[in-house]
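Here is a short briefing on a two-part model. Take a look at the sequence and the structure before reading on.

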Amino acid sequence: MSRRLTVILLVLLVLVGAMSLKTAVAAHDGGSFTMAVGGAPQPPPLPDVGGAPQPPPIMDYSAGASVVNR
Amino acid sequence: MLSPYQYAVWLVCTILEIGVVVCAVKKNAFRRYVFLNIAMIASAAISIARYQILHHYGFTSKEYHYFYYYSDFLLVITLYLALTSLYSHVFAELKAEQYVRLGTVLLLCGTALFSYAVVQQSSSRLLTRFVVELSQNLYFVGLVLTYVLWGAVLKLRETRTRLIQLILSTGVYFSLFAANFALQNLYYGRTFFEYLTPLFGCFLPLSWMYAFWRIPEETRIAPARLAVVPR
């Protein structure tokens, strides 16, 4: 039983570590880059569904001029 | 439109992947490292299929886009299984096979749940976003798993040179991709990375091919060369 709990603890630690690492590495991520196996060239990103132009990011005027990700 | 350089790197990478399987078969290591070989066979087969789709529909087509990401998901799963099979090799003497399997399934389910939580609010292409997110997360899980495995190799004083070579090259491969991922996000729009990234894809088959071809299964490394443990 304790061995299984150890496995669960290790799994959670690895998961937390990996996701923290990804968050740290992709802090400035624009979502454009991905990692992939093999030497095939990565295709350009598909546009979102519909032809409407993407709106600019929402500005939080109450807290200065910083961009808010919602 | 792809450049001759991109085609050349793609071709070299595919040849190296086939080379890994050929070397493993020649050195009687196919069955022992069957998941590594399955990963390489899948990667080579998907490379050929990707080329067919690229040739038929074009580089910017939806068909190539979707096939690229969905097939990459399959490849990441095979690579993940290959990595967990290395765990089975390292922990074989501890009779921890069932715990490795349990950990493998739990970690995959946990990563899938986390990925779904990230993309669940997407209104369009939920499945595609989930597949891409899960693939990316599995790369980072693979990176951490490889370092944990390296820690276990040091602790258990593992001496099988070929196994150590396979683990280390997998760790370097994941680390290269993670570093490249971080740098690409920092230096957005640099064409330099378009040339560098595909080269990293060649590293893993090249190093695995070297391990199968040049390092016999019986070769052992002195534990003292792995780590100096104070007594």
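Helices (H or I, at least four residues) and strands (E, at least two) are DSSP runs, numbered from the N terminus. By that rule, chain B has 8 helices and 0 strands. Chain A has 1 helix and 0 strands.

**About the model**
- The model is predicted: local features need pLDDT of at least 70, side-chain atom pairs count only at pLDDT 80 or more, and totals for chains, interfaces and linings use all residues.
- Residues are numbered from 1 along each chain as its sequence is written, while chains are lettered from A and ligands numbered from 1 in the order in which they are written.

**Chain B: size**
- The C-alpha trace of chain B spans about 60 × 40 × 35 Å along its principal axes.

**Burial**
- A residue is buried if 20 or more other C-beta atoms, placed from the backbone, lie within 10 Å of its own.
- Buried residues make up 38% of the 231 residues in chain B.
- In chain A, they make up 24% of the 70 residues.

**Where the chains meet**
- Two residues are in contact if their C-beta atoms, placed from the backbone, lie within 7 Å.
- On this count, 51 residues of chain B touch 32 residues of chain A.
- α5(B) gives the largest share of chain B's side, 10 residues.

**Helix α5 of chain B**
- The expected span of a helix is 1.5 Å times one less than its number of residues.
- α5(B) covers residues 126-155, so its 30 residues should span 44 Å; the end C-alpha atoms are 42 Å apart, which agrees.
- Arg157(B) follows α5(B) and has a positive phi, near 55 degrees.

Note on methods: Buried ≥ 20, exposed ≤ 12 C-beta atoms within 10 Å, placed from the backbone.
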